[in-house]
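Here's a quick tour of how two chains meet and what sits inside them. Have a look at the model first.

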Amino acid sequence: MKVTKIHIQEFQQFRDFGLELTYPDGHEKAGQPLEKVCLLGQSGTGKTTLLEIIRKSLQTPPNPNNKSRNYNSEDDLELVGVSMKGKSDVLEVHQRCYESGWKSGVQPEDVGFIYFPAEISQNLNPILNEERKVVGGFSIHDLNQVEIFKPFAKKDQPKKYNFTFGPELAKSVWSLLMDPIVDYQKKEAELLFEIGLSTTEEASDERLAKSNYQNWKNSTPNPLEELSHECLNPILQKMGLRVRPKLHSLKEVAFLPIETLDGRPIPSEFISTGTKQISLLLAPLFLIKPENAIILIDEPERSLYPDIQSEIIKSIISQTKDSQLIVATHSPLIAASFDPWEIVELKFDYENGCVFQEQYFEGERHVDNYKFYPKYLRYDSILRKIFDLDSDSHPDREEKLDELAELGAELDMLKEEGKLKSKEAERKWADYRKLAEKTDFWIASEPGAKYGEDK
Amino acid sequence: MERINKRIRFSKEYKSWLEDLERNNLPHPSYNSSNGKYYPDILMELLKIQRGCCAYTQKRLCQDESVFAPQNWVEGKYQGKISSSYGELEHFDEGLKVNKAWDWENLFVVDEKVNKNKGSAPVDYILKPDLDSFLPEDLLSYHIPTHRFVANPRKSSEEKIRIKEMIKILGLNFPVIQRDRGSYLNENRKKDGFSSQPNQYFAAFRHCKAKFPR
């Protein structure tokens with residue numbers, strides 16, 4: 001299931017607001033739902049509100065009075081007629097929203113859906129503070145706390161998930177995700193214990209116990225090793241860190257065993273916000289392996305250095321299958337991962353007190369009619385063309401460039417007066433070169449040369 | 001910048017309305033309340049005088065010359081269509097906006113971003129484009145490598161400070177404009193060495209052409 005259309009009749013700054021979330025004409029997937037969407041816009045334009053509207057629509061039970069059952073989980077979801085009624089601080093899904101939007105019969109847990117709010121790094125505190133119930137020496141989660149997550153917990157049913165990964169559910173969600181890792185460690189401990197016991201028995205018993213252990217190791221992938229090698233370590237390595245593929249104690253089950261590349265463990269209180277962000281974003285996706293799901297992420301760039309920001313969307317998508325990713329961001333590096341038809345830029349309409357979508361195409365909505373291709377632009381061009389940043393640099397640099405131009409004009413004047421060899425000109429030329437170096441501005445090697453440009 | 005020779009030729013209804021106000025010493029209606037009345041007439045009359053360009057930066061605002069054809073004015077009022085890309089009416093001296101909101105002498109058409117940049121900053125008439133005393137070539141120099149206007153280095157220190165401040169207020173080196181102007185002039189240099197007629201940034205174009213005679 002993917003969202004193809006959203007129409008908001010009236011809610012906060014949205015007024016008769018429509019979004020078309022399909023590939024444009026001329027695209028090989030024309031008319032099909034977008035696989036990824038990037039929401040941009042000045043703070044306050046409503047990016048997070050849009051994510052919340054989608055979340056609310058996907059997590060609100062359908063109208064029980066609607067008895068028709070023509071819903072197909074493969075259907076695309078048109079949130080047409082989504083009517084959010086409300087007071088400024090309360091989102092309230094109006095009844096007819098899901099009558100038209102949900103079609104009928106669908107239950108929230110039928111939809112693969114995960115929402116990562118912007119503050120996910122704060123999830124680590126409840127995860128670390130969890131007092132786990134201990135059963136048979138191993139921790140176990142309390143399923144009753146996770147109503148919305150129940151279908152995922154029932155192992156005899158297809159994996160479905162519909163949850164918001166916020167502080168309220170953080171520890172429960174995390175516990176469920178860590179189940180396979182705990183189970184693996186438990187099994188390994190059992191088999192090693194049997195080997196230990198067998199050393200006092202016949203040699204054949206010891207061989208059998210060792211063989212059992214080896215066979216199990218060969219046939220059972222270590223989920224923590226997979227998580228570290230296939231998902232987290234390629235990115236954590238940029239921070240000089242990695243996830244150790246083996247737990248040293250069950251206390252480490254609370255989160256993940258993070259260590260430096262030379263093997264020094266990082267105590268949980270010293271784990272950086274960026275490490276938390278990456279781990280709490282990618283690990284759930286890796287462990288759930290969302291398929292045909294809708295994934296919302298608010299500000300995936302939080303606490304991440306630019307080199308990681310430029311790769312994060314690719315990393316997220318690599319953990320999903322046939323899913324729809326919708327992110328809200330302020331980062332040009334994130335925006336660079338999207339095609340222009342995948343970008344929804346919200347702008348204020350000051351006159352009418354509402355927001356509108358800035359269109360990137362002229363004429364027909366066709367791939368050939370798009371003005372900007374963020375993927376093919378330099379990051380500074382994205383800032384100018386997509387994020388509408390007027391300046392190239394800090395205002396102080398503009399001041400310095402004015403000074404540079406004044407010095408240049410004075411040198412031009414001295415050249416016209418035939419005084420280019422004078423002491424005054426030499427001094428100005430030295431100042432000019434120094435200022436050009438300071439402002440990273442390329443100049444020709446000779447005074448009075450014709451052209452220069454930004455490096 | 002260039003000197004702008006302002007004369008109302010087509011918007012005759014606005015002209016007589018304004019003359020009537022002046023003759024009878026009547027207050028001007030506030031700017032917002034009558035935006036619809038003579039706004040298009042003034043905008044298009046000025047834009048025609050300004051050769052389709054921003055009064056201060058000379059960035060081109062209107063590509064289609066046909067919108068200035070005399071037949072677009074019927075009985076002294078502009079009847080053609082107006083695009084939001086044609087720029088905005090701007091009060092050179094914001095201080096006059098309260099009592100003389102529709103004063104012809106104080107109005108210019110400028111690029112939207114230039115207008116926003118200028119805001120309500122107090123102005124120095126040293127760079128008022130329509131004054132007879134305004135001699136842009138004497139006041140301003142153009143530094144080609146940085147594509148920035150600066151005060152003529154031959155002026156006095158006191159004048160240079162005044163000019164510099166006005167360059168900033170009028171947005172002559174506003175980054176978006178400066179970048180666009182640099183690109184336009186570099187393209188012209190590569191194309192034919194400034195041989196063809198420019199359709200914007202006329203003053204900067206002349207500076208470049210003088211520096212690089214063919």
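Nine salt bridges turn up across the interface of chain A and chain B, counting a side-chain nitrogen of Lys or Arg within 4 Å of a carboxyl oxygen of Asp or Glu. The side chains of B:Lys168 and A:Glu399 form a salt bridge, at 2.9 Å from N to O. On chain A's side, helix 12 (residues 395-416) brings the largest share of what touches chain B, 13 residues; helices here are DSSP runs of H or I, at least four residues, numbered from the N terminus.

This is a predicted model, where local features need pLDDT of at least 70, side-chain atom pairs count only at pLDDT 80 or more, and totals for chains, interfaces and linings use all residues. Residues are numbered from 1 along each chain as its sequence is written, chains are lettered from A and ligands numbered from 1 in the order written, and side-chain values use heavy atoms, without hydrogens and water.

The rest of the interface, with contact meaning heavy atoms within 4.5 Å and buried area being the accessible area (1.4 Å probe) that both parts together lose on being joined:

| Interface item | Value |
|---|---|
| Chain A in contact with chain B | 25 residues of chain A, 24 residues of chain B |
| Area buried between chain A and chain B | about 2200 Å², 52% from carbon and sulfur atoms |

Now the insides. The largest nonpolar core has 89 residues, and A:Trp174, A:Leu232 and A:Ile312 touch the most other members. A core is a set of buried Ala, Val, Leu, Ile, Met, Phe, Trp, Tyr and Cys residues joined through side-chain atoms within 4.5 Å, buried being under 20% relative accessible area (1.4 Å probe, protein chains only). Helix 8 (residues 273-288) of chain A gives the most to this core, nine residues.

Conventions: Buried means under 20% relative accessible area, exposed over 50%, partly exposed in between (1.4 Å probe, protein chains only). Helices (H or I, at least four residues) and strands (E, at least two) are DSSP runs, numbered from the N terminus. Buried area is the accessible area (1.4 Å probe) that two parts lose on being put together, summed over both.
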